[in-house]
Amino acid sequence: MYDDFDKLLEEHMKNPEFKKEYEALETEFNIIQAIIDARKANNLTQKQLAERTGIDQADISKLETGNSNPTLQLLERLAEGMNMVLKLEFVPKQKL
């Protein structure tokens, strides 16, 4: 499955307009994936994470599907509920 997606993405990335839009969403995709990965690493369902954080399960689902933008405070609550620390960093852009 991922091979097909990777091939499709590689093909689309040749289009400068697509590439620009895709890269503009990269940070959002990374945050979503980090939330999902952290929850799964803790063997938690969305419901269990909701119980630990007091955040509605539906809101966690919206975050994980990209249908909601989390605040820093919400990300901190999620991290605390997973017994983790939220780390935010700025890194230099790679030279093209």
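Patches here are built from residues with over 30% relative accessible area and no salt bridge, joining like charges within 9 Å and nonpolar side chains (Val, Leu, Ile, Met, Phe, Trp, Tyr) within 5 Å. A salt bridge is a side-chain nitrogen of Lys or Arg within 4 Å of a carboxyl oxygen of Asp or Glu. This is a predicted model, where local features need pLDDT of at least 70 and side-chain atom pairs count only at pLDDT 80 or more, while totals for chains, interfaces and linings use all residues. Numbering runs from 1 along each chain as its sequence is written, and side-chain values use heavy atoms, with hydrogens and water left out.

**View 1. A nonpolar surface patch of Leu72, Leu86 and Leu88.** Leucine 86 sits in the segment after helix H6 (72-81); helices are DSSP runs of H or I with at least four residues, numbered from the N terminus. Leucine 86 counts as partly exposed because its relative accessibility is 36%, between buried (under 20%) and exposed (over 50%).

**View 2. Leucine 25 in the loop between H2 and H3.** With a relative accessible area of 38%, leucine 25 is partly exposed. Its C-alpha atom is separated by 16 Å from that of isoleucine 35, 10 residues apart along the chain.

Conventions:
Areas by Shrake-Rupley, 256 points an atom, 1.4 Å probe, with all protein chains shown as cover. Helix = DSSP H or I, 4+ residues; strand = E, 2+ residues; numbered from the N terminus. Buried < 20%, exposed > 50% of the residue type's maximum accessible area, 1.4 Å probe, protein only.
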